Amino acid sequence: MSVAADQVVDCGSKIVIPGLVSAHSHLTGIFQRCVWDESSFEAWASRSSSAEYRLNPSPEEIYSLHCAACIEFIRNGVTTVLNMFTLRSGLHIGMVEAACRAFADTGVRGVLALMIRDQPSRSGRRADDPERWMSFIEAAADCVAQFDSRIDFMLAPAAPQWCSDRLLMYCRNFAESHSTGIHTHVAEAKTHAETARDLYGMPIIRHLEKIGFLTPRVSVAHAIWLDEEEIDLLRQYEVKIVHNPAANMKLGSGIAQIKKMLRKGLTVGLGADSVNAATVYSIFEQMKLSVLLPRVRWQADDWVFPLEAFEMGTVGGAKALLLDHLVGSIEEGKKADLVILKPSPAFLPMNELISQLVLCENGSSVDGVFVDGKPVLLNGRILTIEEHDIQLAVSTVSERFRQVRNELLRT
Ligand SMILES: [Zn+2]
């Protein structure tokens, strides 16, 4: 089928790649970029969640923060973003609507993964009534459905050990009946694996198998502290892995056994996570770290190579989000989610394109971005939204955050 173009972009001398995919991210975290350099995961999590609770952002502030994060993703060639979203100070539908509007207005392809939990935490968080979540979930799904088909909805149990088995199985059944995915954190910090083992009397993945939670619809972020049997179970049930090397390094969480997972035939995608846990909303960075990090610890059998990293940053992420029939590669019949890179030092001289994309590119060569065939960035300029207005709005939130941070540092 031929379609008449209403715009022709000359890509002569440029590089065109499939849009990159961030299959695990938290967009609200942008307001805490690079603060809380704490000495343990728990200390960092406590600081971050207290700051978010105290800031108590409004829906308009959520909108501005998420737009800023989406713009950063677009500038780094990321066209599909999973936003694992909740708010410490409490969610309402206006917040879900604001998060979706940020996807819609910036032009990125988005998955709103509603993060839920119903179990108490050691830091004093009280248990929730799972029934309350269930009615909210239906309303949130309806809200997301009002936006265009570029925006999907998913349930995201925060982590299995923070959810009742009943809530986990509700998520599983919801995903089945709505033909969507489930996303969750698994074994990010060593303490998470230990807590789960104490709670269930067995490793976390074995427990998830026992209750019937594991299906090909599930993707798990981090997956660091798993044993061989758990990795085999994830393979058996076709669960997808989302690797977040920058966050894992920044928080000192550990090194995921990615090459072992690839060897066993698991699907692996990449995530930029949150910039308060990691560094930047970029998949170029994750691809590079995926290659470099294993070489610090392991022998060559366990090294990840640039082509494997590139596949994780594109089609691997698309598979994790169950969107590989639409995006993740440039193929007839798929959506035109494309990134154009201009000539730059990263490609001079041009020797090994994929290696140079993965190891030398930092996003600064991104010159054009298309989502669904529509330009969202051309000649380095964001076309969908007034970027300067978003920057101003974020600096206003940042002023409020400065006060919150000072208060927290006094406690
Ligand atoms: Zn996360």
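Predicted model: local features only at pLDDT ≥ 70, side-chain atom pairs only at ≥ 80, totals over all residues.
1. Next, a helix pair. Two packed helices are described by the angle between their axes and the distance between the axes. For helix α4 (residues 130–145) and helix α5 (residues 165–177), the axes come within 10 Å and cross at roughly 25 degrees. Angles under 35 degrees count as roughly parallel, so α4 is roughly parallel to α5. The crossing of these two helices is right-handed.

2. Which residues make the contact between α4 and α5? On the α4 side they are Pro130, Glu131, Trp133, Met134, Ile137, Glu138 and Ala141, and they meet Arg166, Leu167, Tyr170 and Phe174 of α5. Taken by class, this contact has 8 nonpolar and 3 charged residues, with no polar ones.

3. Helix α2 (residues 59–75) and helix α14 (residues 387–410) form another pair, with axes that come within 9 Å and a crossing of roughly 125 degrees. That angle makes α2 oblique to α14. Here the crossing is left-handed.

4. The α2 side of that contact is made by Glu61, Tyr63, Ser64, Leu65, Cys67, Ala68, Ile71 and Arg75, which meet Glu387, Ile390, Ala393, Val394, Val397 and Arg400 in α14. The residues involved divide into 9 nonpolar, 1 polar and 4 charged.

5. At what angle do α11 and α12 pack? Helix α11 (residues 283–297) lies against helix α12 (residues 306–320) at about 145 degrees, and their axes are 9 Å apart. The crossing of α11 with α12 is right-handed.

6. In the α11 and α12 contact, Ile283, Met287, Ser290 and Val291 of α11 meet Pro306, Ala309, Phe310, Met312 and Gly313 of α12. These residues split into 7 nonpolar and 2 polar, and no charged residue takes part.

7. Two backbone details are worth a look while you have the model open. The peptide bond from Leu348 to Pro349 is cis, and its omega is near -10 degrees. Pro349 sits in the loop that runs between β10 (338–341) and α13 (353–359).

8. Where is Cys34 found? Cys34 belongs to the loop between β2 (20–25) and α1 (41–55). Its phi is near 65 degrees, which is a positive value in a residue other than glycine.

Methods. Residues numbered from 1 in each chain as written. Heavy atoms only, no water. Axes fitted to C-alpha atoms, helices over the stretch in contact; angles between N-to-C directions. Helix = DSSP H or I, 4+ residues; strand = E, 2+ residues; numbered from the N terminus. Parallel < 35°, antiparallel > 145°, perpendicular 65-115°, else oblique. Left-handed = near helix turned anticlockwise from the far one by under 90°. Contact = heavy atoms within 4.5 Å. Nonpolar A, V, L, I, M, F, W, Y, C, P; charged D, E, K, R; others polar.
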